[in-house]
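Here is my note on this structure. Keep the view open and follow the points in order.

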Amino acid sequence: MVLEIVKYGDPVLRAKGKPVGEITDDILKFAADMQETMYAANGLGLAAQQVGVALQMTVVDVVPVQEERPSTMTVAGKEVNLADWMPLVLLNPRLEIGGDKINGNEGCLSFPDIHGDVPRASHITVHARGLDGGELNFEATGMLARAIQHEVDHLNGILYIDRMNSAAKAGLGGRLKRLQREGAADPTRGTPRPAKKQPSTRPARATAKVPSEG
Ligand SMILES: [Zn+2]
């Protein structure tokens with residue numbers, strides 16, 4: 001089921017996620033819905049907060065941008081084929097940050113049409129649980145490192161605008177304020193709910209040529 005993505009201004013985006021405990025059928029169903037929602041929105045990642053749930057769960061798939069914004073993933077010292085590992089579902093992720101900080105353009109599904117440069121570590125080590133309950137430990141560079149940092153921030157109530165350099169953020173001024181007002185005014189906010197049906201005339205990918213980090 002495709003869930004509705006909450007927008008900037010909704011307080012759930014500022015909530016720190018609760019750790020995932022037992023992996024119940026509800027958790028599995030929620031993970032499947034999050035993946036479906038991410039793909040439907042043409043995102044590279046999605047955090048639970050973005051569908052109204054403050055939980056330490058995120059999904060990521062950077063394969064669609066591998067040519068223009070490449071990534072590497074290294075498991076137990078060996079670089080792996082990305083497509084074999086995506087989509088990644090990360091529960092209770094913890095990051096070790098390494099490498100230089102690199103500026104790169106980011107968008108976010110909770111901030112429609114707002115992009116800006118955000119400095120992120122070029123290399124990270126990820127420790128998480130997978131949906132099978134097992135440990136997931138790997139290193140990431142490139143777009144994968146960027147997307148995971150963006151998503152793990154969401155799980156802690158941190159948004160990419162918090163990390164944008166001040167010049168990039170200043171350029172957004174009025175648009176951010178307007179979005180915040182609209183998001184805060186949504187009377188159905190704060191609960192996961194099915195997305196409204198899109199008008200059938202809208203081509204599926206027309207509004208999202210630049211994939212959003214999520
Ligand atoms: Zn985001």
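1. Along the sequence, the protein follows the pattern α-β-β-β-β-α-β-β-β-α-α-α-α. That gives 6 helices and 7 strands. Helices (H or I, at least four residues) and strands (E, at least two) are DSSP runs, numbered from the N terminus. The model is predicted: local features need pLDDT of at least 70, side-chain atom pairs count only at pLDDT 80 or more, and totals for chains, interfaces and linings use all residues. Residues are numbered from 1 along each chain as its sequence is written.

2. Now the overall form. The radius of gyration is 16 Å, close to the 17 Å from the globule rule for 214 residues, so the protein is as compact as a globular protein of that length. This radius is taken over C-alpha atoms, and the rule is 2.2 Å times the number of residues to the power 0.38. Along the principal axes, the C-alpha atoms fill a box of roughly 45 × 45 × 35 Å.

3. Next, the sheet. It is open, has 7 strands and pairs them antiparallel, in the order β1-β2-β5-β6-β7-β3-β4. Two strands pair if DSSP finds at least two bridges between them. The edge strands, β1 (45-47) and β4 (78-79), each pair on one side only. Strand β3 (residues 71-75) runs antiparallel to β4 and is joined to it by 2 bridges. Here threonine 74 stands opposite glutamate 79 of β4.

4. Which strands does helix α1 touch? Helix α1 (residues 25-40) packs on the sheet against β1, β2 (57-60) and β5 (88-108). Its direction makes about 40 degrees with that of β2. Axes are lines fitted to C-alpha atoms, for helices over the stretch in contact, and angles run from 0 to 180 degrees between N-to-C directions. Contact means C-beta atoms, placed from the backbone, within 7 Å.

5. Helix α3 (residues 142-155) lies across β1, β2, β3, β5, β6 (111-129) and β7 (135-141). It runs at about 95 degrees to β6.

6. The largest nonpolar core has 46 residues, and Met34, Val59, Leu144 and Ile148 have the most contacts inside it. Such a core is a set of buried Ala, Val, Leu, Ile, Met, Phe, Trp, Tyr and Cys residues joined through C-beta atoms within 7 Å. Buried means 20 or more other C-beta atoms within 10 Å of the residue's own, with C-beta atoms placed from the backbone. Helix α3 gives the most to this core, with 7 residues. Leucine 144 touches Val62, Ser71 and Met73, leaving aside residues up to four places away in sequence.

Conventions: Two residues are in contact if their C-beta atoms, placed from the backbone, lie within 7 Å. A residue is buried if 20 or more other C-beta atoms lie within 10 Å of its own, exposed if 12 or fewer, and partly exposed in between; C-beta atoms are placed from the backbone.
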